[in-house]
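This briefing is meant for a reader who is meeting the structure for the first time.

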Protein chains: 2
Amino acid sequence: MTEGAFPRTAAVVGLGLIGGSLALSLRAAGARVVGIDTSAAALEMARRRGAVDEGTASLDGVAAADLVVVATPLDQVAQVTIAAARRMRPGSLLTDVGSVKAPIVAAVNSALPPGIRFVGGHPMAGSEGAGIAAADATLLAGRVFILTPTSRTTPEAVGALRDVVTRIGMRPIILDPVQHDELVAQVSHLPYLVSVALLRAVADDARVIAGPTMAEMTRVARSPAALWAEICRQNREAIVRSLARFEGELARLREGIETGKIGDLLLEGEATRSTVPARET
Amino acid sequence: MTEGAFPRTAAVVGLGLIGGSLALSLRAAGARVVGIDTSAAALEMARRRGAVDEGTASLDGVAAADLVVVATPLDQVAQVTIAAARRMRPGSLLTDVGSVKAPIVAAVNSALPPGIRFVGGHPMAGSEGAGIAAADATLLAGRVFILTPTSRTTPEAVGALRDVVTRIGMRPIILDPVQHDELVAQVSHLPYLVSVALLRAVADDARVIAGPTMAEMTRVARSPAALWAEICRQNREAIVRSLARFEGELARLREGIETGKIGDLLLEGEATRSTVPARET
């Protein structure tokens with residue numbers, strides 16, 4: 001497929017939360033979608049939910065597609081992407097949705113067969129759900145999809161993937177893979193770890209009185225631990241840097257509380273103080 | 001008013017977000033509501049929104065009420081509650097909605113005129129909005145309302161306030177004022193400070209790619225800084241303890257990342273890993 005064209009046939013490898021949601025979006029935008037997953041139950045549910053036109057357990061299913069999206073668990077993305085590339089038609093477009101980009105992009109680029117156009121990708125979306133059962137095209141609508149080309153990626157391949165992203169209602173942003181990992185550590189991996197620490201720090205007897213803020217700040221802590229453990233492994237250095245920065249900010253706030261100067265450190269809301277009658281008692 | 005009875009006339013002092021929402025709820029449940037605020041604009045909007053039957057700038061308006069709720073900014077709650085008590089009819093019920101309870105309850109109890117039944121209160125609700133314009137009875141529906149009686153409070157007064165709370169659709173929970181401050185530091189004050197630190201720790205260029213998690217985890221950081229500065233002042237010790245506990249949990253997570261053992265520390269979600277085709281490439 002070329003820039004400006006929408007894939008006639010797309011293959012999605014790994015029908016989980018993100019893969020399933022992308023399959024629904026691609027199909028809604030007019031592509032014929034081949035779903036690939038070794039789980040018969042996932043394939044069956046993907047068919048039932050209208051996410052795929054056909055399903056197969058074999059990676060050979062990518063041969064029919066002019067766009068292949070690899071959405072397996074993170075620890076398998078690089079090797080499955082390379083395996084898919086070897087089965088694809090020359091000229092086809094290949095992307096993945098791994099949450100950490102530098103290691104995947106380096107591994108795939110070093111093993112890419114000639115004629116396959118690979119651009120790393122990362123849709124900034126998700127939910128505390130998991131699996132095809134939780135997949136939903138509205139999870140993606142309006143969200144950022146980061147493309148991570150390198151000096152080895154042609155501008156034409158970037159343009160082709162950017163067009164697909166736009167057609168399914170997402171907002172394409174282009175970043176270098178290393179820069180991606182640094183920024184995502186800050187806006188995604190750090191908030192997750194903070195959410196886990198918060199849940200761990202609060203005593204059980206305090207939770208019964210918790211209001212909506214606690215619920216919303218600990219929602220992401222419940223998302224799949226196996227995925228996050230792998231993210232922490234693959235993006236360790238950037239995550240440790242973002243944690244150090246956060247710990248520094250928290251220490252400043254604590255110091256402000258201890259010295260009575262916390263007011264200077266808080267962020268201004270649009271407060272309208274209600275005013276009250278005379279203070280004399 | 002007695003246990004089991006709903007107030008015929010309730011006065012709400014301070015028509016901000018919480019005061020306005022309580023006025024709406026009390027009125028919807030059948031009380032005549034007198035709104036008291038020195039801001040003519042707040043009184044006018046409260047009338048227009050149907051939150052009050054009548055409004056006045058004078059605290060003398062509490063004389064007509066059998067239930068008085070003080071919902072001023074936190075730094076004024078204790079003195080306004082005492083001033084209201086001196087103007088109330090003997091036998092009437094008095095509560096406040098200050099977010100920190102031990103200092104307020106001690107100050108009010110030490111100055112309470114005979115015949116006035118005071119029970120400290122704290123509705124665990126709110127939004128990033130502020131003022132009567134953002135008031136909404138649905139903010140309170142189904143939320144916890146903490147009552148903080150002491151040895152000086154009669155069981156009958158606690159029962160009367162508990163009944164009112166139930167009638168407006170909130171869930172009454174009874175806590176000692178000091179225990180309240182300790183638990184609220186964990187589930188409310190700590191999450192706020194964590195939210196502020198997160199927003200401060202994330203670089204501007206990272207925010208453009210932020211997904212929904214970052215948005216939801218930093219929402220509360222935008223709520224009125226003046227209120228939070230006062231909460232930090234009044235509940236300093238409990239907040240510092242909860243911060244220390246959180247910092248300890250975060251340090252454990254960082255160590256887990258550095259040593260590759262993070263998987264043991266994360267919380268199990270309901271992950272359904274999608275499975276994928278053969279790994280050989």
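This is a predicted model: local features need pLDDT of at least 70, side-chain atom pairs count only at pLDDT 80 or more; totals for chains, interfaces and linings use all residues.

Two strands are said to pair if DSSP finds at least two bridges between them.

- E7(B) and strand E8 (residues 144–148) of chain B run antiparallel and are joined by four bridges; Pro123(B) has Phe145(B) in E8(B) as its bridge partner.

**The six-stranded sheet of chain A**

- In chain A, six strands form an open sheet in the order E3-E2-E1-E4-E5-E6, and here the pairing is parallel.
- The edge strands of this sheet are strand E3 (54–56) and strand E6 (117–118) of chain A, each of which pairs on one side only.
- Strand E5 (residues 93–96) of chain A pairs with E6(A) in the parallel sense over two bridges, and Leu94(A) stands opposite Phe118(A) in E6(A).

**Domains of chain A**

- The domain assignment divides chain A into domain 1 (9–175) and domain 2 (181–262), and the C-alpha centres of these two domains lie 29 Å apart.
- Eleven residues of domain 1 of chain A are in contact with twelve residues of domain 2 of chain A.
- On the side of domain 1 of chain A that touches domain 2 of chain A, the elements giving two or more residues are H3 and helix H4 (102–110) of chain A.
- The residues of that side of domain 1 of chain A divide into six nonpolar, two polar and three charged.

**Where chain A meets chain B**

- The contact between the chains takes 101 residues from chain A and 100 residues from chain B.
- Several elements of chain A each supply at least two residues of the side that touches chain B, among them helix H3 (74–85), strand E8 (144–148) and helix H9 (225–234).
- H6(A) provides the largest share of that side of chain A, namely 15 residues.
- By class, the side of chain A that touches chain B has 56 nonpolar, 25 polar and 20 charged residues.

**Helix packing around H6(B)**

- Between the chains, the axes of helix H10 (residues 236–259) of chain A and helix H6 (residues 177–201) of chain B come within 8 Å and cross at roughly 125°, which makes H10(A) oblique to H6(B).
- The crossing of H10(A) and H6(B) is right-handed, and the residues that make the contact include Phe246(A) and Leu250(A) of H10(A) together with Leu193(B) and Val196(B) of H6(B).
- The residues of the contact of H10(A) with H6(B) divide into eight nonpolar, one polar and three charged.
- Within chain B, H6(B) packs with helix H10 (residues 236–259) of chain B at an angle of about 65°, the axes being 8 Å apart, and H6(B) passes H10(B) in a right-handed crossing.
- Among the residues of this contact are His189(B) and Leu193(B) of H6(B), as well as Ile239(B) and Phe246(B) of H10(B).
- By class, the contact of H6(B) with H10(B) has eight nonpolar, three polar and three charged residues.

Definitions and conventions: Residues are numbered from 1 along each chain as its sequence is written. Chains are lettered from A and ligands numbered from 1 in the order in which they are written. Axes are lines fitted to C-alpha atoms, for helices over the stretch in contact, and angles run from 0 to 180 degrees between N-to-C directions. Angles under 35 degrees count as roughly parallel, over 145 as roughly antiparallel, 65 to 115 as roughly perpendicular and the rest as oblique. A crossing is left-handed if the near helix is turned anticlockwise from the far one by less than a right angle, and right-handed if clockwise. Two residues are in contact if their C-beta atoms, placed from the backbone, lie within 7 Å. Ala, Val, Leu, Ile, Met, Phe, Trp, Tyr, Cys and Pro count as nonpolar, Asp, Glu, Lys and Arg as charged, and the others, Gly among them, as polar. Domain bounds come from an automatic or database domain assignment.
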